[in-house]
Amino acid sequence: MIAELGLAVLWMAAALAVLQLVAGVLALRPEGRQIAGLVRPVAVMQGVLVAAALAALITLFLTTDLSVKLVAENSHSMKPFIFKLAGTWGNHEGSMLLWVTIMAVAGGFVALIEKRLPENTLIATLAGQSFVSLGFYAFLLLSSNPFQRLPEPAPEGAGLNPLLQDIGLAFHPPTLYVGYVGLSIAFSFAVGALVTRDVGPAFARAMRPWVLGAWIFLTLGITAGSYWAYYTLGWGGWWFWDPVENASLMPWLAATALLHSCSVLASRNALKAWTVMLGVIAFSMSMVGTFLVRSGILTSVHAFAVDPERGSFILALLAIYIGGALTLFGLRASTVTEGARFSFVSREASLVFNNVMLCGILGIVLVGTLYPLLTEAMGVKVSVGPPYFNPVSAVFAIPMMLVMGVGPLLRWRQDSLDGKRAGRVTLPVGVCALLSAAVLLGVELMAPQIKLLPALGLAIAAGLAPASFLPLRGRNLRRTPLATWGMVFGHFGIAVALFGMASESAFSTERLAAMRPGDTQQVGPYTVKLEGIGPVAGPNWTALEATVSASYAGAAPAILHPQARTFSNPPGNRTESALKTRWNGQLYAVLGEEGEDSRWQMRFWWKPFVPMIWYGGALIAFGGLLALLGRVAADVRRLVATGKIAYRRSRKAQLGVGQ
Amino acid sequence: MSAIKAKHQRLVLLVIALIALIGAGLLAAWALKNQAAYFYVPSDLVAHPPEAGRAVRLGGMVEKGSISHAADGVTVNFVVGDGKARVPVRFTGITPDLFVEGSGVVAEGRMEGQTFVADNLLAKHDEKYVPREMKDMTAQQAKQVVAETK
């Protein structure tokens, strides 16, 4: 019953999306004014209905209704509660329903609260949003119906892939999806502004909170995904340049560029066409990501559906939306008026530089990700990995991070680096640059074995960390706007993460050994001893568990329990690494298999400062949150103020009439 | 450092962006040519060996009875074959769970002399997760088996 209800509600939501599109398009014509009032309520209702559909699917998973095909194929009655819940989106159909839900709920939210934009632009935006949703509704309802029943209920479910049975599944996909889909709102705003030829600061201010919100979630999603891969895959790496990871990085890069150009447009009315273009690119990258991950063109734990029909469906959607938006952009770009001017030394110029470099990195990642697919189509199989991505993206990332230290100190429009401004800008930045140079020199002299890229990373992090606080210099800290604090934390987070990455690749030590219980090994500052190995059991797995005591430089030992788990439903294996975190790094232990001579393979890493990578990511997201709060608070204050003014005016008018 | 004329600013920005993007494209193309790791099956590897030290991937079947463990307990030697040619492989590390004789494997690494030294092994994780190159491999093998039994 719940399944049928869910499906019916989903169809109704799709029908409302059609209505929203038709009403929106008609309302933009002079003769269709009357139905303009329809668009907002329909958008809200659509969000409510599709959320109900998702709730229905979640209920089916929680009660393990095995007469539903999706539940039978992906769940199991004995699975822990949290994985039943998260398992709702741990499969192709469920994840697409989650995608559509977030999209429609976000659209409903825009319809409910957005009051700053001219009504026409907002209606065009909502129509654009429903047009995008429609494609995904069609995809869901026609080729991946999550509510399909089985002719006969299955006796038991097939279970969830063991690699996915991790708490990460509860957070990683929804956060990334909110990010992806938030960019669809930015895309719809861009399309709306192009349709009504209304690209200006008001458009940028309306779009900015959505871009910021999406960007925060993308940052969190990528950070969480990276940590998840780090501790579950048992390879000790935190980023593999896997196409699936790149699929989440590319929208992030585009969104970062969009975020910065948006603030130029909002404050200075410059970079108009460029911002619109980035809005289109950012969502296109989300779609490319979805296409890569969900089409089955890549085989990975992320690709649930290996079904060519679905692949071509997403490819068609991709072509329609991106092609359509680019055509619209081509037609309307010439009508977007020239923005305000600025000189080479100015805040705008540094942001343009940042944007161009981010697009450069985006291009590098995109080419590297698609290249193997292209060559494979021509019959040559290649794989592209860190030897390509690391140095080539650094060519763009390093200049960008250098400019990041200066840009926030510059004035809008025009600035100079000498005369009066030397003490404000040139001198402090020079000190930071000297710090970087000293670190680089120190690394080269003391530890020449460290490769160039990690050495540069350490040096830049050392200079960027203090430089990111310079915008606060000479300011009253209590009166500093939250958005400025957000920028400071965001940039500082980049320095922290960079330090973690550089230090991980410069100083990690690894020890691989076959050990008998009682044997000890030295890894970095740690002395590790294999105490014993025994069996343990969990709710739906059994495991061999090693007991390892690890002593840091002779201190009292900590106990670690790396496991090799065997899952029964569905059958599968997973290594469960064990971590010991200190302030200055992490010990990482993995249990391998038993050799012929009853020795156990053990692998240990000592990774100095590796947690900084994820702390940095969290700091970046925190900076975004501060900026978002600052912007929203300012908007609320403005709304309240205009409300009061309007109220007083109406009172005055009433009194005037009364007299 | 002076402000540019309004007419020209957009053009200048456009040109800078284009130069950067074209630069990125050229750089990417050049780097891909040098850095992409090509996928080889054993017969390709024997017929056209890559330059020594170049990162490549080798995919094939782990031959029955070929796995032997070295005395250090963490190095494993085995032979990867495709029915036509055989390549000895050395790998130091923890092997994937489903690394067994007679099953498919993709090894990432480089040729050192006559031996392929692998940095990483990718084996079939479960039914739903098969490295892309290996799917074809099993199909090829299946065809071969069918052809041989006929």
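How many bridges pair β5(A) with strand β6 (residues 558–560) of chain A, and in which sense? I opened the notebook with this point and found three bridges in the antiparallel sense.

**Entry 1. Conventions.** I noted that this is a predicted model, in which local features need pLDDT of at least 70, side-chain atom pairs count only at pLDDT 80 or more, and totals for chains, interfaces and linings use all residues. Residues are numbered from 1 along each chain as its sequence is written, and chains are lettered from A and ligands numbered from 1 in the order in which they are written.

Entry 2. I took helices (H or I, at least four residues) and strands (E, at least two) as DSSP runs, numbered from the N terminus. Two strands pair if DSSP finds at least two bridges between them. In β6(A), A558(A) is the bridge partner of A550(A). β5(A) and β6(A) make a hairpin with five residues between them, and A553(A) in that turn has a positive phi of about 45°.

I then looked at strand β4 (residues 526–537) of chain A, which pairs with strand β5 (residues 541–552) of chain A over 11 bridges, antiparallel. P535(A) has L544(A) in β5(A) as its bridge partner. This pair of strands, β4(A) and β5(A), forms a hairpin with three residues between them. β5(A) is also joined to strand β7 (residues 563–567) of chain A by five bridges, again antiparallel, and there W541(A) has F567(A) as its partner.

Entry 3. I located L271(A) in the loop between α9 (243–268) and α10 (272–294) of chain A. A residue is buried if 20 or more other C-beta atoms lie within 10 Å of its own, exposed if 12 or fewer, and partly exposed in between, with C-beta atoms placed from the backbone. L271(A) is buried because 26 other C-beta atoms lie within 10 Å.

F609(A) is not a glycine either, and its phi is positive at about 60°. F609(A) sits in the loop between β11 (600–608) and α17 (611–658) of chain A, and it counts as buried because it has 22 C-beta neighbours inside 10 Å.

**Entry 4. R341(A).** Is R341(A) buried or partly exposed? I found R341(A) to be partly exposed, because it has 18 C-beta neighbours inside 10 Å. R341(A) belongs to the loop between α11 (308–332) and α12 (347–377) of chain A. Between R341(A) and N269(A) I noted 72 residues in sequence and 9.2 Å in space, C-alpha to C-alpha.

**Entry 5. Nonpolar cores.** I defined a nonpolar core as a set of buried Ala, Val, Leu, Ile, Met, Phe, Trp, Tyr and Cys residues joined through C-beta atoms within 7 Å. The largest has 217 residues, and those with the most contacts inside it are A186(A), V211(A), A254(A) and A255(A). Helix α8 (residues 201–233) of chain A supplies the largest share of this core, 17 residues. I counted two residues as in contact if their C-beta atoms, placed from the backbone, lie within 7 Å. Leaving aside its neighbours within four places in sequence, V211(A) is in contact with residues including A186(A), A255(A) and C262(A). A second, separate core of 27 residues includes A513(A), M515(A), L530(A) and V590(A).

**Entry 6. Chain B and its contact with chain A.** I listed three helices and seven strands in chain B. Of its 150 residues, 31% count as buried. The contact between the chains takes 40 residues from chain B and 43 residues from chain A. On the chain B side, α1 (6–35), β1 (37–40) and α3 (132–149) each supply at least two residues, and α1(B) gives the most, with 15 residues. Strand β1 (residues 382–383) of chain A pairs with β1(B) in the antiparallel sense over two bridges, where V382(A) stands opposite Y38(B).
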